Amino acid sequence: MSNKFENQAQWNEYWLQQWSMKNINFHQDQIEPFLQRYLPEIEKTTVLMPLCGKSKDILFFTQKGHSVIGIEISEAACDTFFLENGIKFSRENIENFIVYRSDSITIYCGDFFNVKPEFMSSVSIVYDRAALIALPKETRKIYVQHLLKLLGHGTKNKMIFLISLEYVSEQRRGPPFSVDRDEVQSLYGASFDVQELDTEEDVGITKTHEGFQSSAVFERVYLLKRE
């Protein structure tokens, strides 16, 4: 995976520790501006949010009438999301997961790579703001392969709204990791038409992430579709 992590279990433990220590500078307290600006008008559907944390973006989708399925490794993140937003929920154990449910939100608390396709049968949109860039390069390929498996054969009538970061990786080691245009195309191009919608310099990251002060960081938003 990286020089720092030898296996997926160590990587999961890393993120559990970040939540335990409340070292969550990756969390945004507001709804993602790119999402509000560029998400196409779509009929009510089910949205999958991998590695969702306690994202406010979940509320963006539910307020528009969509259902959301989140996947998150940290029980603390799941508890905090529902409590902070005053949403009543239930919890039950299903296989390798603690499953949180409310009227329009389901969050599977556990390892993303243990999620089965039958859990995702209603999903037609994936929203990835901070999942791909949270993973080392070797794991990103496995992540995309598993994501495509969850979406089903051929990925027809599916859409992925993806936000990535790009920077000179020799100057900074993630997470978050740099995922450039060529890698996005390499990972998804065989299954989706990849359209880059916008690029902006992310000046805020220099204030919230140690080590980014010396290099420019660009946020890129993509829409991946296959009719």
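This is a predicted model: local features need pLDDT of at least 70, side-chain atom pairs count only at pLDDT 80 or more; totals for chains, interfaces and linings use all residues.
Let me begin with the overall picture. The protein has seven helices and nine strands, where helices (H or I, at least four residues) and strands (E, at least two) are DSSP runs numbered from the N terminus. Of its 227 residues, 50% count as buried; buried means under 20% relative accessible area, exposed means over 50%, and partly exposed is in between, using a 1.4 Å probe and protein chains only. If we take contacts, meaning heavy atoms within 4.5 Å, between residues at least 6 apart in sequence, then 66% of them join residues at least 24 apart.

Nine strands form an open sheet in the order 3-4-5-2-1-6-7-9-8, and the pairing is mixed; two strands are said to pair if DSSP finds at least two bridges between them. At the edges we find strand 3, residues 90-94, and strand 8, residues 193-201, each of which pairs on one side only. From one strand to the next, the twist averages 20°, with axes taken as lines fitted to C-alpha atoms, for helices over the stretch in contact, and angles running from 0 to 180 degrees between N-to-C directions. Helix 5, residues 137-151, packs on this sheet and touches strand 1, strand 6 and strand 7, and its direction makes about 155° with that of strand 6. Helix 6, residues 181-188, lies across strand 7, strand 8 and strand 9, running at about 155° to strand 8.

Let us look at the end of the sheet that starts with strand 3. Strand 3 and strand 4 pair in the antiparallel sense over five bridges, with Glu92 partnered by Val99 and Asn93 standing opposite Ile98. These two strands form a hairpin with two residues between them, and in that turn Glu95 has a positive phi of about 55°, although Glu95 is not a glycine. Is Glu95 buried or exposed? Glu95 is exposed, with a relative accessible area of 53%. Strand 4, by contrast, is mostly covered, since four of its five residues are buried. On its other pairing, strand 4 is joined to strand 5 by four bridges, and the two run antiparallel; here Ile98 stands opposite Cys109, and the hairpin has three residues between the strands.Next comes helix 4, residues 75-84, in which Ala77, Cys78, Phe81 and Phe82 are buried. Seen down the helix axis, these buried residues fall within an arc of 125°, so they line one face of helix 4, the arc being that of the directions from the helix axis to the C-beta atoms. What do the buried residues of helix 4 pack against? They pack against helix 1, helix 3, strand 2, strand 4 and strand 5. One of these residues, Cys78, has a relative accessible area of 0%, and, not counting residues up to four places away in sequence, Cys78 touches Glu72, Tyr100, Ile107 and Cys109. Cys78 and Tyr108 are 30 residues apart in sequence, yet their C-alpha atoms are 8.8 Å apart in space. At the N-terminal end, helix 4 is capped by Ser74, with a side-chain oxygen 3.2 Å from the backbone nitrogen of Ala76; a polar contact here is a pair of N or O atoms within 3.5 Å, where within protein one must be able to donate a hydrogen and the other to accept it, and residues adjacent in sequence count only if both atoms are side-chain atoms. Helix 4 is followed by Gly86, whose phi is positive, near 65°.

Finally, I return to Ser178, which is buried, with a relative accessible area of 15%. A polar atom of the Ser178 side chain lies 3.0 Å from the backbone nitrogen of Tyr167. Leaving aside residues up to four places away in sequence, Ser178 touches Arg140, Leu165, Glu166, Tyr167, Ser169 and Glu183. Another loop residue to look at is Leu51, between strand 1 and helix 3, which has a positive phi of about 50° although it is not a glycine, and which counts as partly exposed at 29% relative accessibility.

Note on methods: Residues are numbered from 1 along each chain as its sequence is written. Side-chain values use heavy atoms; hydrogens and water are left out.
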